[in-house]
Amino acid sequence: MGESTVEPEYRFFEVVRGYVERAAGLIGLPDHVRDMLSEPKNELIVHFPVVMDDGKMRMFKGYRIQHNNILGPYKGGMRFHVSVSLDDLKALGAMMTWKCALMGIPFGGAKGGVKCDTRAISHDELRRITRRFTHALGSNIGPSYDIPAPDVGTNAQVMVWMMDTYMNSTGNVTKNAQRAVVTGKTVTCGGSLGREKATSQGVVHCITEWAKEHRFDLEGKTAIIQGFGNVGCNASLLLAKLGVSTIAIGDHSGYLRHDEGFNAHKVGDHVRTHGSIANYPHGSVISREDFFATPADIFIPAALENQVGEAEANALTVSLIAEGANGPLNPKGEEILAQRGIPVIPDILANSGGVTVSYYEWVQNLRSERWDLEEVDGRLEKAMTEAYQRVMYVARERKIDPRLAAYSIAMENLGTAYAERGIFP
Ligand code: NAD
């Protein structure tokens, strides 16, 4: 099966627009609102120079897509990856708009990033790229305008560099008021307790709700997880606490199976030290094809979009898919899973725990407060449980799949805001 099974010329934004069309038709969204939501408000592309470790200067290309801000400031991750493209970021930015609208968070949607191979650059180079990129974005980001967060290839350290660069370009007197310009920071530098695991925690709350609904005892069950970065690793750790063992994992370097269950702490340490799961001393190496065919109870995609196409969807032998990643199923894969009756908890619901706790971090920064972990976790659990119930209720009532239900709820909220505010002037 190899790396190239899934659509090579994938047009992610078209796929997301397809969902919008369906949801808009279903809820009778006025055409002009659908049209406004079909394109990002702003598409920024910046080119900037960075001095590399060998003393040579290299040019980089950075992006920020500001999809929509009717419900609040633009909000969304920064992705540093070789595959970063305008089309993908437009899709991901739009999904942030739906996610915040679904969760009732007063934010809009955005996404950005830098096209670069983070595995081929040093720590110092990453810092310089981050700072020059932030400088190039200038006042196009800001605590009440557009608030970045981590995504693939970025982490709390990258967010702290962004924050520091932004703070230092705004003048001494207002400097400290700018902390909320990014979320997902380290706790010492103004991040929120519970943010690191928040996306995975949200995924696991959805799985728990699904299990309750289907009288499915999670204790003793198994999971397979694609992607072992922030979302994949934390999901594995949290599932272990519920008695679910992760028996197959994969990342850009390959796939491993271990029927006894992986120790997520140890795999996480290995990934932090070596950059991938390659050469992890436990489990056996399997092919990508075998990974998708590994019988298990739950599959969590936690890598990139467009990972589950026709072959993968036919191979999967699981009872539930919870989308940690954004857009992991392509339309063909999704169609096959629907035919096979395998339930999918859709991305804009399942992985919205990340932006939910980012919102809590932003509120804490603005109020100069520090919430304890119980408070953050408690609020997140309530938010995720309610959102899950709302989506499944609409899915049942309207006899539609949960993805369409989630999109419909989000679109209804956005449609109401446009109806109430009207179009300026
Ligand atoms: P990360 O950079 O921490 O991890 C990404 C993982 O994907 C790594 O293990 C990497 O090796 C793997 N990967 C990359 N290319 C791959 C390939 N071709 N095949 C298999 N695996 C591959 O990123 P993350 O923050 O964990 O994000 C993962 C997914 O979750 C993305 O879709 C992201 O948009 C989504 N997400 C993240 C957050 C968050 O808070 N970090 C929130 C919501 C959604």
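Predicted model: local features only at pLDDT ≥ 70, side-chain atom pairs only at ≥ 80, totals over all residues.
Reader: In which sense do β1 and strand β2 (residues 57-68) pair, and over how many bridges?

Author: Residues are numbered from 1 along each chain as its sequence is written, and side-chain values use heavy atoms, leaving out hydrogens and water. Strands (E, at least two residues) and helices (H or I, at least four) are DSSP runs, numbered from the N terminus. Two strands pair if DSSP finds at least two bridges between them. Here, β1 and β2 pair in the antiparallel sense over 10 bridges. For example, F48 has F60 in β2 as its bridge partner.

Reader: Thanks! What is the order of the strands in the open sheet?

Author: The five strands follow the order β1-β2-β4-β3-β5, and their pairing is mixed. β1 (42-51) and β5 (146-150) stand at the edges with a single partner strand each, so one side of each has no neighbour in the sheet.

Reader: Which helix lies across β1, β2, β3 (74-81) and β4 (109-115)?

Author: For angles, axes are lines fitted to C-alpha atoms, for helices over the stretch in contact, and the angles run from 0 to 180 degrees between N-to-C directions. Contact itself means heavy atoms within 4.5 Å. The helix you are looking for is α4 (residues 123-137), which runs at about 135° to β1.

Reader: At what angle do helix α6 (residues 198-213) and helix α14 (residues 373-398) pack?

Author: Angles under 35 degrees count as roughly parallel, over 145 as roughly antiparallel, 65 to 115 as roughly perpendicular, and the rest as oblique. α6 and α14 pack at about 50°, with their axes 9 Å apart. That makes α6 oblique to α14. Among the residues that meet are H205 and W210 in α6, and M384 and Y388 in α14.

Reader: Is R215 buried or exposed?

Author: Buried means under 20% relative accessible area, exposed over 50%, and partly exposed in between, using a 1.4 Å probe and protein chains only. R215 counts as exposed, at 81% relative accessibility. You will find R215 in the loop between α6 and β6 (222-226). Its phi is near 45°, a positive value in a residue other than glycine.

Reader: Where is S368, and what is its phi?

Author: S368 sits in the loop between α13 (353-367) and α14. Phi of S368 is near 50°, again positive in a residue other than glycine. With a relative accessible area of 69%, S368 is exposed.
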